[in-house]
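Please work through the following exercises with the model at hand. Each task is followed by a solution in steps.

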Amino acid sequence: MAVAQTWNAAELIAQDRAHLLHPVSNLHAIQRDGALVMVRGEGVYLWDAEGNRYIDAFAGLWNVNIGHARPELADAAAAQFHTLEFAPTFFGMASPPPIELATKLAEIFPDPLNHFQFTSGGAESNETALKIARYYWYLKGQPGKIKILSRRKAYHGIAMGALAATGIPGYHEGFGPEVPGYIHLTPPYQYRHGEGMSEDEFVASLVRELEETIAREGADTIAAMIGEPIQGAGGVVVPPDAYWHAIAPVLRANNILLIFDEVITGFGRTGQLFGMQTYGETPDMVSFAKGITSGYLPLGGVGVSDEIFETLAAPDRMFMHGFTYSGHPVACAVALPNIRIIQDEHLVENAATGGAYLLDRLRALEDRPYIGDVRGKGLMLFVEIVADKQSKALVDAAFNLSGKLTRATRQRGIIVRPVADGVAIAPPLSIQQPDLDVIADVLTDSLTEVMG
Ligand SMILES: Cc1ncc(COP(=O)(O)O)c(C=O)c1O
């Protein structure tokens, strides 16, 4: 149902300036330039308060997988609001939507991931997974297994435990002291860390580093390794095909749990329903959020293996972890038609073919002197920009690459995510070729304008 509304853009922007504290934003620049206020969405398009239309080539925050304003989700939310807007999953209670959603997830995740607890987002999901890892070893009689292995360039959210696993320095500066017990390994980022090596040699070097780290720290001190199958916010780091196959057995041999953070890669983005299927490895635990509702309502969760669940369900034990909104009935009720749409409308397949097409188009940029690397899997892609192709030096921060590219792309009608070293692109999985062409054309023209 379209709601006729008129917006006073200037008033909204003034009120935003006065009262809204924006996350992960240059607050000074917002005070100076004003926020970009979106008032409507439909499919892959967004409209701002001044009536300008954009292609949402970042799908909100890589989460609006089915596209904007699908009435099926609005109807599911409304029906649940009218029936039962809230019931907890604490204290042995439940309501139908979280039960039905957990059942659906058990069907679509590979075995043995059959047991699910819900949260309100990605960071809460990772906090949950990391705490379960420690608690699992505690129940197994190994309370010394507490350390967490992660990787540089990882993004696992910014609550304190998840932040400790996050390996991007900008998110840590000024927020110390750090939570202890986290160790960051080299990311599988061949462009910057595997120069001069074959893919196999690079993977072997990462396995060696893992083995040396375990030997140094002691396997009996390490609970788990957490990793995004493909690192997202760190710059869409697509690991070599053999990477997870090589890492997982080392963890298993040392009794270290593997947690996949599928917050971005889950629900179709990589061209498989889950990133773990892209790499053919099933972890002991998985965290997810974003695409499970396509962002229509906040929802995340963690899936655990049968073995972990059976350990948690020991007799005479309370499982003392969860959030008020774990299994919120309306959020779970919205997830179900969202997953149905992803499956029935073959959006996973569209992410694979559309992503391959866009990657191909963007690779045409590679011979430009300032393009370092173009990479992606499915509909998560990254164009890495350098000051110098030989040295791979970053563009000087004073040049304000991300600010300039943000302006150039928005002026041409697309929303992407420019960062200090490139541009991330992740449109809704429903996007079709004409709009993929617009994204490629606009990026090409914007790069010409900004980089010359
Ligand atoms: C891989 C990954 N994990 C966790 C998070 C954190 O999710 P949230 O912002 O919902 O806490 C994000 C957010 O972008 C993410 O990309």
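The structure is a predicted model, in which local features need pLDDT of at least 70, side-chain atom pairs count only at pLDDT 80 or more, and totals for chains, interfaces and linings use all residues. Residues are numbered from 1 along each chain as its sequence is written.

**Exercise 1. Determine how strand 5 is enclosed and which strands it pairs with.**

Solution. 
Step 1. Helices (H or I, at least four residues) and strands (E, at least two) are DSSP runs, numbered from the N terminus. A residue is buried if 20 or more other C-beta atoms lie within 10 Å of its own, exposed if 12 or fewer, and partly exposed in between, with C-beta atoms placed from the backbone.
Step 2. Five of the five residues of strand 5 (residues 147–151) are buried, so the strand is largely enclosed by the rest of the structure. One side carries Lys-147, Leu-149 and Arg-151 and the other Ile-148 and Ser-150, and both faces are covered.
Step 3. Two strands pair if DSSP finds at least two bridges between them. Strand 5 runs parallel to strand 7 (residues 222–227), with three bridges, and parallel to strand 6 (residues 182–185), with four bridges.
Step 4. Leu-149 faces Met-225 in strand 7 and Ile-183 in strand 6. From strand 5 the chain passes through helix 7 (residues 160–165) to strand 6 in a right-handed β-α-β crossover. Right-handed describes a path from the first strand over the helix to the second that runs clockwise, with the strands pointing away from the viewer.

**Exercise 2. Describe the pairing of strand 15.**

Solution. 
Step 1. Strand 15 (residues 422–425) is covered on both faces, with Gly-422 and Ala-424 buried on one side and Val-423 and Ile-425 buried on the other.
Step 2. Four bridges link strand 15 to strand 12 (residues 380–385) in the antiparallel sense, and here Leu-381 is opposite Ile-425.
Step 3. Strand 14 (residues 417–419) is also antiparallel to strand 15, over three bridges, and Pro-418 is opposite Val-423. Two residues lie between strand 14 and strand 15, which form a hairpin.

**Exercise 3. Find the edges of the open sheet of four strands.**

Solution. 
Step 1. The strand order is 1-2-3-13, and the pairing is mixed.
Step 2. Strand 1 (38–42) and strand 13 (414–415) each have a single partner strand, so one side of each has no neighbour in the sheet and they stand at the edges.
Step 3. Strand 13 runs parallel to strand 3 (residues 53–56), joined by two bridges, and Ile-415 stands opposite Asp-56.

**Exercise 4. Is Lys-290 buried or exposed, and which residues is it in contact with?**

Solution. 
Step 1. Lys-290 lies in the loop between strand 9 (285–288) and strand 10 (300–305).
Step 2. Lys-290 counts as buried because it has 28 C-beta neighbours inside 10 Å.
Step 3. Apart from neighbours within four places in sequence, the contacts of Lys-290 are Trp-62, Asn-63, Gly-122, Val-263, Ile-264 and Gly-295.
Step 4. Ser-294 lies in the loop between strand 9 and strand 10 and has a positive phi of about 50 degrees, although it is not a glycine.

**Exercise 5. Describe the shell around the ligand.**

Solution. 
Step 1. A residue is near a molecule or strand if its C-beta atom, placed from the backbone, lies within 6 Å of it. Of the 15 residues around the ligand, Gly-121, Gly-122, Ala-123, Gly-157 and Val-263 come nearest.
Step 2. Helix 6 (residues 122–139) contributes the largest share of the shell, three residues.
Step 3. The shell consists of seven nonpolar, six polar and two charged residues.

Definitions and conventions: Nonpolar A, V, L, I, M, F, W, Y, C, P; charged D, E, K, R; others polar. Contact = placed C-beta atoms within 7 Å.
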